[in-house]
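Subject: Structure for your review

Dear colleague,

Please find below the sequence and structure that I am handing over to you. My findings follow directly after them.

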Amino acid sequence: MLPLVVLLLLLPLTHAAGDICIVGAGISGASTAFFLTNYSTLAPNLRVFERHDRVGGRLATVAIAGDHFEAGGSIIHPRNLHARRFADLLGLAVKTGGDDDWLGIWDGHRFVFQTLRPPPPGASWWRRKLHGLLNSLLLLNRYGLSLLKMDKFVQAMLERFMLFYNGLESRPVFATVEEMLKWTGLHGLTQRTLEEELIDAGLNSQTISELVTVITRINYGQSVRISGLAGAVSLAGSDSGLWAVKGGNWQLAAGLLKTSNATLHLQEGIDSITDAGDYYVLKSSSGNEYNCTVAVVATPLDEVNITFSPAISIPPRKMQHTHATFVRGLLNHEYFGVGSVSEIPELIGTLEQPDIPFSSISILKKYSEDDMTYKLFSRAKLDDGLLDEMFRARKETIRINWAAYPHYHAPEAFAPIVLDGKQLYYVNSFESAASAMETGAVAAENVARLIISRQQGIKGSPPAPHIIKSLADDGEEEQGSWHRQHVDL
């Protein structure tokens, strides 16, 4: 017979109830932990489980030739106030993207449109200003007033989205994604395609089939048949003033988890979640069991294997895979039908044609005229044979297959936020409306507020969150300090 101490060691480790357990250490899970910590009057005991060996989820970097490049979520909009505040609170340095990319639209055989090459580094302010003006005239000449109509459409969406930053006293706690979207007036955009919305907005067919298509293929890997809100978010990703965190956007998630004092379980995924009455039993891939009064799923359920008991019911949803391929080498100018490599634009967008194997190509860094690092997006893996056709030389190749975002279609259906009517929550149900770092944070804030409000209702304790102010409550002085610190993004 084995000694008692040995038998005890062989039993699965069980942790007492009282914890709030979050599955997923990406931006949604990290934001949920942050808001629970800062909105609660009592410090919650948080556990965050991540099946991978790093935090960040779909935020990650790759290293090539000693440089680190964004491999997942790459850009943040200047009106993404949660991300802006996170970076400020965490003391993260930021960088802004250039607004003068040399864009070429490729139809599989030739470049049907190009913007002007950017002025050389160190060019005068007047030269850069003139370059921007000439580019605007070039775009206006091809696409006409549709450019202004597209901007009006995007700005209208952003104005409604900004309601999610209203003060806590004037912003409800939402029990469903439909409630969130209807309150902001955005729900209708999820029920029609982007193409339908833009036709009604007065855009001409050339703008939709070229410029809009290029943007949706780059940002979501999908066509203009995606649902309207996701499409509008995609178009907003082409605005000026976009920014990112120096060293990688994953630092936002890492910093939020650290400030939340959450217990982080890396390389420990959750295999099952069982309702045990007053708490949930989470069984992990490490053989441990955790008893949690609240369980929050902050990762898309579409491609993870978590068993729920009793079973839950959510609408079927397919994830859109984006293959990010990083190549250090030199493109083959003959593949693109031009006379030399110097004639290939720095950013290549593509039309919705079945024979085009990639969505976009961009130059990340130029080491010399015949040595550069490129980033390619595609819907399927780019094999070595194809890459050898596209490139004259390849020194290094890195491939990442992301289950990047939902495959959008209209009308969209939404999973419940409360999966069982009790204390089991799903942050990523909002992702069926639009997928971005900021939408993950917006959804996470609402889930945190919903957890707190429902727990207070159960316990009969009414105090409201007070530790952290809503972003809308920050005064002009604090916003001015963001501008001085270059976090005005």
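Is S284 buried or exposed? S284 is buried, since its relative accessible area is 5%; buried means under 20% relative accessible area, exposed over 50%, and partly exposed in between (1.4 Å probe, protein chains only).

Please note that this is a predicted model, in which local features need pLDDT of at least 70 and side-chain atom pairs count only at pLDDT 80 or more, while totals for chains, interfaces and linings use all residues. Residues are numbered from 1 along each chain as its sequence is written, and side-chain values use heavy atoms, with hydrogens and water left out.

Surroundings of S284

S284 belongs to strand β11 (residues 280-284). Helices (H or I, at least four residues) and strands (E, at least two) are DSSP runs, numbered from the N terminus. The side chain of S284 forms a polar contact of 2.6 Å with the side chain of E268. A polar contact is a pair of N or O atoms within 3.5 Å; within protein, one must be able to donate a hydrogen and the other to accept it, and residues adjacent in sequence count only if both atoms are side-chain atoms. Apart from neighbours within four places in sequence, the residues in contact with S284 (heavy atoms within 4.5 Å) are E268, G269, I270, D271 and Y290.

The chain as a whole

The protein chain contains 13 helices and 19 strands. Of its 489 residues, 52% are buried. Among contacts with a separation of 6 or more, 74% are between residues 24 or more positions apart. The accessible surface comes to about 21,700 Å², and carbon and sulfur atoms account for 54% of this surface. Accessible areas come from the Shrake-Rupley method with a 1.4 Å probe; for residues, only the protein chains shown count as cover.

The disulfide

One disulfide (a pair of cysteine sulfur atoms within 2.5 Å) is found in a search of the whole structure. C21 is joined to C292, with an S to S distance of 2.0 Å. This pair links distant parts of the chain, 271 residues apart: C21 is in strand β1 (residues 14-23) and C292 in strand β12 (residues 289-297). The link of C21 and C292 is left-handed, with -70° about the S-S bond. C21 is buried at 0% relative accessibility, and C292 is buried with a relative accessible area of 0%.

Nonpolar cores

A nonpolar core is a set of buried Ala, Val, Leu, Ile, Met, Phe, Trp, Tyr and Cys residues joined through side-chain atoms within 4.5 Å. The largest such core has 101 residues, and M157, L229, L235 and Y425 have the most contacts inside it. Helix α12 (residues 437-459) gives the most to this core, contributing ten residues. Beyond its neighbours within four places in sequence, Y425 is in contact with residues including V294, V296, L419, V447 and L450. A second, separate core has 21 residues, among them F336, V341, I356 and L376.

The loop between β19 and α12 holds A434, which is buried with a relative accessible area of 2%. Leaving aside neighbours within four places in sequence, A434 is in contact with Y220, L229, A230, V233, Y408 and T439. The C-alpha atoms of A434 and Y408 are separated by 8.5 Å, and these residues are 26 residues apart along the chain.

Helix α6

In helix α6 (residues 177-184), the buried residues are V177, M180, L181 and T184. They line one face of the helix, because seen down the axis of α6 they fall within an arc of 90°; the arc is that of the directions from the helix axis to the C-beta atoms. Just after α6, G185 has a positive phi of about 80°.

Backbone features

Two cis peptide bonds deserve mention here: S309 to P310, with omega near -5°, and A410 to P411, with omega near -5°. P310 is in the loop between β13 (307-309) and β14 (319-331), and P411 in the loop between β18 (391-406) and β19 (424-426).

A65 is not a glycine but has a positive phi of about 50°. It lies in the loop between β3 (61-64) and β4 (67-70) and is partly exposed at 40% relative accessibility. Q267, also not a glycine, has a positive phi of about 55°. Q267 is in the loop between β9 (263-266) and β10 (270-275) and is exposed, with a relative accessible area of 55%.

Yours sincerely
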